[in-house]
Amino acid sequence: MDGNGRWAQMRGRPRLFGHQAGARRVREIVEACPDLGIRYLTIFAFSTENWRRTQVEVAGLMTLFRRYIQKEATALLDKGVRVRFIGDRDRLDPKLVGMMHALEEITSGNDLVNLTVAINYGGRDEVARATKRLAREVAAGRLDPEDVDAETLAHFLDTCLLPDPDLVIRTSGEARISNFLLWQSAYAEYEFTPVLWPDFTAAHFAEIVGNYSARERRYGAVLS
Ligand code: IPE
Ligand code: MG
């Protein structure tokens, strides 16, 4: 969800104004998923690198996450959305972590759209944390190092219950991965759009998904 800051700047407003506008975009995009045949949507809300922003912006974003959960919980529940969070919760405010957990619990019976929100998430950090858990299993004698393969490691990732992404969309004209689902995106298709996230509509979303559908995916094989 990139481009909130620039969107605000273009209007002569503080960055948080852009983040608020960005948060309001999420509902339309989530609601567009069923018609587009999308059952899993992951949105990148805050990265492990975003702590480097000013204290005002970080605190503003954390407040925004709490407000978002408070405001959207009922609508998400009613619309059949199951919410999950990925990322390291240890550095987050316990109150926010409690709200995240509660939202996961109350929506756990839903299955129409699986929305995953990445907060304090970084692909490298996730692999490092997964490796730590895996090493603990080895140290405890519950796992033989000889049995460790890619699937074993994937089992320890935050995303262990989620399918790998088919398509990764980055808004705002940046053409970088920026630590997003590094492991999981091995065979993902990428789409980049110049549209800033607060301007990103269901129509933009549908157009990009349409481009994706036209691509041929080979997964390293040769298709005749
Ligand atoms: C939102 O956009 C991403 C978040 C960390 C919430 P940015 O804040 O990165 O916006 P730009 O890139 O400065 O325009
Ligand atoms: Mg940015």
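Author: Happy to. Let's begin with Asn50, which is found in the loop between S1 and H3. Please keep in mind that this is a predicted model.

Reader: Thanks! Is Asn50 buried or exposed?

Author: Asn50 has a relative accessible area of 15%, so it is buried; the cut-off for that class is under 20%.

Reader: And which backbone nitrogen lies 2.8 Å from a polar atom of the Asn50 side chain?

Author: That is the backbone nitrogen of Ser47.

Reader: Where does UniProt place the feature "active site"?

Author: The UniProt record, an unreviewed entry, puts that feature at Asp2 and Asn50. They are spread over 49 residues of sequence, yet they cluster in space, with a largest C-alpha distance of 12.1 Å.

Reader: Nice. Where is Asp2 found, then?

Author: Asp2 sits in the segment before H1. Leaving aside neighbours within four places in sequence, Asp2 is in contact with Arg170, Thr171, Ser172, Glu174, Leu196 and Trp197.

Reader: With which side chain does the side chain of Asp2 make a polar contact?

Author: With the side chain of Arg170, at 2.9 Å.

Reader: Let's do charges. How many salt bridges does the count come to?

Author: The count comes to 20 salt bridges. One of them pairs Arg15 with Glu57, where the closest N and O atoms are 2.8 Å apart. This pair links distant parts of the chain: Arg15 belongs to helix H2 and Glu57 to helix H3, 42 residues apart.

Reader: Is Glu57 buried or exposed?

Author: Glu57 has 7% relative accessibility, so it counts as buried. Arg15 is at 37% and therefore counts as partly exposed.

Reader: Which residues do salt bridges that share partners join into one network?

Author: Asp2, Arg6, Arg170, Glu174 and Arg176.

Reader: Switching topic: what about the greasy parts? Which residues touch the most other members of the largest nonpolar core?

Author: Leu115 and Phe205 do, out of 40 residues in that core. The elements that give two or more residues to this core are H2, S1, H3, S2, H4, S3 and H7. H3 supplies the largest share, 9 residues.

Reader: Which residues does Phe205 touch?

Author: Not counting residues up to four places away in sequence, Phe205 touches Ile29, Ala32, Cys33, Leu36, Ile38, Leu41, Ile169 and Phe200. There is also a second, separate core of 8 residues, which includes Ala118, Val168, Phe180 and Leu181.

Reader: Ile29 makes me curious about H2. How many residues does H2 have, and how far does it reach?

Author: H2 has 22 residues and reaches 31 Å from its first C-alpha to its last, close to the 32 Å expected. Its buried residues include Gly18, Ala21, Ile29 and Cys33. Among the elements that cover the buried residues of H2 are H1, S1, H3 and H7.

Reader: And what happens just after H2?

Author: Gly37 takes a positive phi of about 75 degrees there.

Reader: One last stop, Thr107. Where does it lie?

Author: Thr107 lies in the loop between H4 and strand S3. Its relative accessibility is 0%, so Thr107 counts as buried. A polar atom of the Thr107 side chain lies 3.0 Å from the backbone nitrogen of Val83. Beyond residues up to four places away in sequence, Thr107 touches Leu77, Val81, Arg82 and Val83.

Reader: And is Asp90 buried or exposed?

Author: Asp90 counts as exposed because its relative accessibility is 74%. Asp90 lies in the loop between strand S2 and helix H4, and its C-alpha atom is separated from that of Asn120 by 9.2 Å.

Definitions and conventions: Residues numbered from 1 in each chain as written. Chains lettered and ligands numbered in written order. Predicted model: local features only at pLDDT ≥ 70, side-chain atom pairs only at ≥ 80, totals over all residues. Heavy atoms only, no water. Helix = DSSP H or I, 4+ residues; strand = E, 2+ residues; numbered from the N terminus. Buried < 20%, exposed > 50% of the residue type's maximum accessible area, 1.4 Å probe, protein only. Polar contact = N/O pair within 3.5 Å; in protein donor to acceptor, adjacent residues only side chain to side chain. Contact = heavy atoms within 4.5 Å. Core = buried A, V, L, I, M, F, W, Y, C linked by side-chain atoms within 4.5 Å. Expected span 1.5 Å × (residues − 1). UniProt positions renumbered as here; feature names shortened; annotations may be inferred. Salt bridge = Lys/Arg side-chain N within 4 Å of Asp/Glu carboxyl O.
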